[in-house]
Amino acid sequence: MIPLARKLVVYVITAWVAITVNFLLPRLMPGNPIQTMIGKLQGRVTPAMQQAIQLQFGVGLHQSLWDQYVSYWSQLFHGNLGQSITLSSPVSTVLGGTLPWTIGLLGVSTVISFVLGTLLGIALGWRRGSWLDGLLPLSTFFQAVPYFFLGTVLLLVFGSDLHWFPVLGNYQRGLTPGWSWAFISSVIRYAELPVITIVLSSIAGWMLGMRNMMVTTMDEDFVLVARAKGLPTRKVVTYAARSAILPSVANFSLAIGLVVSGALLVELVFNYPGVGNLLLQAVLNQDYPLLQGIFLVITLTVLAANLIADFVYVALDPRVRQEA
Amino acid sequence: MSVHVDDLAPLPAGQLTPVAPVKGKVGRAIRLPRSPKVIAGLVIIAIFAILTLIGPWVAPFSPNDNSFAQNLHPSAAHWLGTSNLGADIFSQLLNGARATMVVGFIAGLVATVLSVIIGITAGYLGGGADEGLSLAANVFLAIPGLPLLIVLDSYLPASGRSNTLLIGVIIAITGWAWGARVLRAQTMSVKRRDFVEAARIVGESRIRIMFFEVLPNLVAIVASSFLFTMLYSIGTYIALAYLGVTSTSVWNWGTMLYWAQSSNAPLTGAWWWFVPPGLCIALVGMGLALLNFGVDEFINPRLRAAGLSKKGMRKAGLPRNPKLGLTPVVRNRPRPATAAATAAGPAKVAR
């Protein structure tokens with residue numbers, strides 16, 4: 001699997017770049033933001049924590065940059081992302097509690113949006129010039145609206161005014177988390193509106209990409225042959241769609257970055273206790289250790305999603321398998 | 001396998017005309033705006049461009065003037081009411097256009113220049129340079145842009161956060177990779193053409209071939225990449241401002257949403273505060289996306305016919321039900337037919 005190995009190299013280097021950016025930024029930025037932050041902390045945190053922060057950002061240790069870099073890596077390998085200043089607990093613990101919510105929300109909405117968008121794109125490309133084309137300008141509008149703005153409007157109309165959906169939070173207060181049906185159904189109920197928001201905002205991209213590829217693919221000779229053989233329409237469409245879908249999967253890495261960024265902001269609107277909300281806390285309080293931890297974890301999650309998309313691509317495209 | 005609808009003048013069958021020569025810039029410029037989508041896009045963008053220029057002058061009040069009554073509903077004096085601090089929201093909207101559009105434009109421009117240089121260099125040189133540059137592009141594609149920008153911007157000193165120029169350039173850092181990848185692929189296909197070979201044999205320098213021979217053939221893709229990047233940049237800038245990462249004292253539509261959200265405007269039903277900036281963002285985004293449709297249809301003529309309605313197709317003289325294996329290509333003005341169509345005889349005959 002040579003193409004996969006190449007991708008893997010890219011992802012490893014990406015992870016390295018993200019970690020190194022994390023290491024270098026606070027040390028090289030003008031205006032010494034870390035010094036300012038530590039100055040503000042004086043007397044507000046325990047001495048042990050102050051020491052932990054100094055260790056993480058290499059302040060007052062009189063170490064060379066390289067030594068700091070090495071110790072930064074060894075901290076990372078021990079799963080130590082530093083101490084959150086505002087929440088006074090390790091960043092890894094904080095993230096462990098919030099990441100599942102974000103991944104659940106994002107995973108579900110991405111799958112729905114990809115599947116639905118691709119199917120609609122196939123229909124649009126196949127039956128061009130039909131009433132379905134009316135979807136195009138509409139989808140452009142949803143694509144152009146910022147995620148968080150759409151979320152705000154939906155929250156207001158369907159949550160606060162019409163009471164169709166519960167608002168704010170991730171499950172009904174008072175329920176104990178567990179594998180009970182009451183809890184799970186409540187989680188689903190509270191996730192509905194955020195998922196709808198993310199799907200509405202992200203579906204247009206998949207749909208348009210698929211439609212354009214379908215329009216082009218339907219001109220290929222093999223589609224004509226399939227039709228000439230008298231195969232049922234459903235089968236012909238499947239033939240065309242199978243090769244038209246490849247660019248969509250290949251462009252997954254481009255799309256997922258945008259979707260993740262948008263979804264983080266949707267969490268803010270719905271007060272969903274995921275990574276996006278944590279990110280806002282970190283920004284407002286200038287909690288740099290938390291901020292860096294979040295950036296790193298988001299990057300690694302996106303890379304993992306890309307890797308899955310690459311495996312799917314290999315499964316779908318026999319040409320890639322043959323090259324290996 | 002394409003029908004040239006407007007090539008109604010019967011061409012002598014069998015006489016093969018060479019592939020249509022590349023038309024001059026004027027021809028391209030005139031042909032683009034004919035589709036209604038492109039006209040709509042151009043009108044929207046033109047209106048907002050004018051607003052960018054004159055917005056702060058035509059605004060009735062200063063956006064920071066908090067001397068009015070607080071939380072007013074829309075009225076003749078205050079078209080969009082006032083904020084919880086007593087500032088005129090309509091004036092904020094007009095003032096906000098400038099920073100939003102300027103950052104989007106700068107970021108789009110810088111990112112496009114970067115992607116042109118990197119994409120064409122990688123595609124044309126190939127080998128080690130290509131490997132390195134493609135790797136860089138792939139790394140930047142894989143890193144999620146917004147979280148990186150949040151980390152970058154939150155380390156900026158206060159003066160940096162209110163500097164729209166700087167913010168624009170920083171956004172461009174995360175926005176160039178996509179364009180570079182597309183341009184690299186196109187460069188690789190263009191560089192094998194005869195005229196590039198000819199230029200090489202004549203002894204033109206590499207730089208000259210890359211930017212004077214190859215680049216003019218990629219203009220449509222560069223334009224599409226610019227529009228896409230500007231769309232991305234505006235969205236990203238708004239998101240950063242909404243989060244409060246950029247200076248909250250610079251008026252843009254994201255800052256307006258930030259203040260509206262932080263004073264609970266959505267929950268108190270003050271739609272006149274947060275809906276107008278959101279709609280403005282959506283309109284600018286739609287305008288850019290519509291223009292991009294036009295460019296896409298310019299690059300890929302098959303999409304042009306695909307966008308027509310039933311009525312439009314009848315008007316263009318196309319068959320009612322599109323047949324398989326036959327994509328009508330709509331051409332707006334007579335032009336030399338391509339070899340395939342000419343070989344098939346006069347118009348309306350496929351295969």
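Guide: A residue counts as buried if 20 or more other C-beta atoms lie within 10 Å of its own, and as exposed if 12 or fewer do. In this predicted model, buried residues make up 47% of the 351 residues in chain B. For chain A, 41% of the 324 residues count as buried.

Visitor: Is B:A198 buried or exposed?

Guide: B:A198 lies in helix α9 (residues 194–202) of chain B. B:A198 has 11 other C-beta atoms within 10 Å, so this residue is exposed.

Visitor: How should I read a pair of packed helices?

Guide: Two packed helices are described by the angle between their axes and the distance between the axes. As a case in chain A, the axes of α12(A) and α13(A) come within 7 Å and cross at roughly 80 degrees. Angles of 65 to 115 degrees count as roughly perpendicular, so α12(A) is roughly perpendicular to α13(A). On the α12(A) side the contact is made by A:A263, A:L264, A:L265, A:E267 and A:L268; on the α13(A) side, by A:V275, A:G276, A:N277, A:L279 and A:L280. Sorted by class, this contact has seven nonpolar, two polar and one charged residues.

Visitor: At what angle do the axes of α3 and α12 of chain B cross?

Guide: The axes of α3 (residues 89–125) and α12 (residues 253–262) of chain B cross at roughly 130 degrees and come within 7 Å. That makes α3(B) oblique to α12(B). From α3(B), the residues B:Q92, B:L93, B:G96 and B:T100 meet B:W253, B:T255 and B:M256 of α12(B). By class, the contact of α3(B) with α12(B) has three nonpolar, four polar and no charged residues.

Visitor: How many of the ten residues of α12(B) are buried?

Guide: Eight of the ten are, so α12(B) is largely enclosed by the rest of the structure. The buried residues are B:W253, B:G254, B:T255, B:M256, B:L257, B:Y258, B:W259 and B:A260. They pack against α3, α11 (219–243), α13 (265–268) and α14 (271–299) of chain B, together with α7 of chain A. After α12(B) comes B:N264, with a positive phi near 60 degrees.

Visitor: How do I read a nonpolar core?

Guide: In soluble globular proteins, nonpolar side chains tend to be buried together. Here the largest nonpolar core has 166 residues, of which A:M214, A:L265, A:I294, B:I150 and B:Y242 touch the most other members. The element that gives the most to this core is α3(B), with 17 residues.

Visitor: Which residues are in contact with B:Y242, leaving aside its neighbours within four places in sequence?

Guide: From chain A, A:F148 and A:L265 are in contact with B:Y242; from chain B, B:G254, B:L257 and B:Y258. A:L265 also takes part in the contact of α12(A) with α13(A), and B:G254, B:L257 and B:Y258 are among the buried residues of α12(B).

Visitor: How many residues of chain A are in contact with chain B?

Guide: There are 56 residues of chain A in contact with 49 residues of chain B. Among the elements that give two or more residues to the chain A side are α1 (2–28), α8 (181–217) and α14 (288–316) of chain A. The largest share of that side, nine residues, comes from α14(A). The chain A side divides into 36 nonpolar, 16 polar and four charged residues.

Visitor: What ipTM and pTM does the predictor give the complex?

Guide: The ipTM is 0.83 and the pTM is 0.80. Chain B averages a pLDDT of 75, and 76% of its residues score at least 70. Over residues 1–30 of chain B the pLDDT is below 50, and this stretch has 57 contacts in the model beyond near neighbours in sequence. Over residues 333–351 of chain B the pLDDT stays under 50 as well, with 43 contacts beyond four places in sequence.

How values were computed: Residues are numbered from 1 along each chain as its sequence is written. Chains are lettered from A and ligands numbered from 1 in the order in which they are written. Two residues are in contact if their C-beta atoms, placed from the backbone, lie within 7 Å. Helices (H or I, at least four residues) and strands (E, at least two) are DSSP runs, numbered from the N terminus. Ala, Val, Leu, Ile, Met, Phe, Trp, Tyr, Cys and Pro count as nonpolar, Asp, Glu, Lys and Arg as charged, and the others, Gly among them, as polar. Axes are lines fitted to C-alpha atoms, for helices over the stretch in contact, and angles run from 0 to 180 degrees between N-to-C directions. Angles under 35 degrees count as roughly parallel, over 145 as roughly antiparallel, 65 to 115 as roughly perpendicular and the rest as oblique. A nonpolar core is a set of buried Ala, Val, Leu, Ile, Met, Phe, Trp, Tyr and Cys residues joined through C-beta atoms within 7 Å. pLDDT is the predictor's confidence in each residue, from 0 to 100.
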